[in-house]
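Here is a short briefing on one protein chain. Look over the sequence and the model, then read the points below.

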Amino acid sequence: MPIDLYYATLSPPCRAVLMTLRQLNLDVNVITTDVHKKESWPPQFLKLSYPQHTVPTLVDDGFPLGESRAIMQYLVSKYAPNSDLYPTHDLKKRAHVDRLLYYDMSIWYAIVNATVMKIFRGVEPTESALKNFKKNFNVLNDFIGNNKYVAGNELTIADLSYLATISTLAINDYKDLDEFPNVKNWFFRVQKELPYFDDVNGKVPELWKQHSSANK
Ligand SMILES: N[C@@H](CCC(=O)N[C@@H](CS)C(=O)NCC(=O)O)C(=O)O
């Protein structure tokens, strides 16, 4: 049975999951879904995505699963259990990857409040949102330090999750990264190592530009 992925291009969690599938060389049936038109969703997808009704939703061998980070952990645990991508056999290494994956949620909300809300809702970021953005990115900058990848010296699913999240900063042509040199270097270096990166994320800057001008 092929793997189905309910997907939206602009959605960072969807792209993180698709990059994981590409990294694992797994065949996937990508089903593009309009998150703004839930009334058009087929009943079968409403059932599969219950109760969150969000993308990404993965269906593997009849098993539906939502939440991008849980999906990524599931895919590597099932299809590449000996891979460094998610070190299932080394509890401490895996816990560190988990820590970074959870911290990515703080980064995501910092980005949403400092940039995305302005594009989608026309809401200028508050001082507290800008302060929080800086605080969270300073922490990520320190997490990366001199490491090659976010969780150490191996590529892990945490890198794929952060790459997708941070690609949202295309909204401001990545100028927000100037203050965080470790994050900036990691972001532009690691994406070049991934042969599928552009295919999955290449349209993001243009899509954000369209949203920005539509909401001016
Ligand atoms: N934490 C979830 C977020 C899922 C999510 O909110 N997806 C958005 C697209 S980025 C969505 O489906 N939004 C539709 C809605 O919430 O109604 C994940 O990582 O999968």
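**Fold at a glance**

Along the sequence, the chain runs β-α-β-α-β-β-α-α-α-α-α-α-α. Helices (H or I, at least four residues) and strands (E, at least two) are DSSP runs, numbered from the N terminus. The radius of gyration is 17 Å, close to the 17 Å that the globule rule gives for 216 residues, so the chain is as compact as a globular protein of that length. That radius is taken over C-alpha atoms, and the globule rule is 2.2 Å times the number of residues to the power 0.38.

This is a predicted model: local features need pLDDT of at least 70, side-chain atom pairs count only at pLDDT 80 or more, and totals for chains, interfaces and linings use all residues. Residues are numbered from 1 along each chain as its sequence is written, and side-chain values use heavy atoms, with hydrogens and water left out.

**Overall build**

- The chain has 9 helices and 4 strands.
- Its C-alpha trace spans about 50 × 45 × 30 Å along the principal axes.
- Of the 216 residues, 47% are buried (under 20% relative accessible area; exposed is over 50%, partly exposed in between; 1.4 Å probe, protein chains only).
- Among contacts with a separation of 6 or more, 66% link residues 24 or more positions apart (contact means heavy atoms within 4.5 Å).

**Annotated domains**

- UniProt, in an unreviewed entry, places "domain: GST N-terminal" at residues 1-83.
- Residues 1-83 are 36% helix and 22% strand, with end C-alpha atoms 23 Å apart.
- The UniProt annotation "domain: GST C-terminal", also from an unreviewed entry, covers residues 90-207.
- Residues 90-207 are 69% helix and 0% strand, and the end C-alpha atoms lie 39 Å apart.
- Such annotations may be inferred rather than shown by experiment; positions follow the numbering used here, and feature names are shortened.

**Backbone points to check**

- Most residues other than glycine have a negative phi, and most peptide bonds are trans.
- Y50 and P51 are joined by a cis peptide bond, with omega about 0 degrees.
- P51 sits in the loop between α2 (43-48) and β3 (57-60).
- A cis bond also joins V55 and P56, with omega about 0 degrees; P56 is in the loop between α2 and β3.
- D61 has a positive phi, near 55 degrees. D61 lies in the loop between β3 and β4 (63-66) and is exposed, at 55% relative accessibility.
- Y174 has a positive phi, near 65 degrees. Y174 lies in the loop between α6 (157-166) and α7 (181-193) and is buried, with a relative accessible area of 16%.
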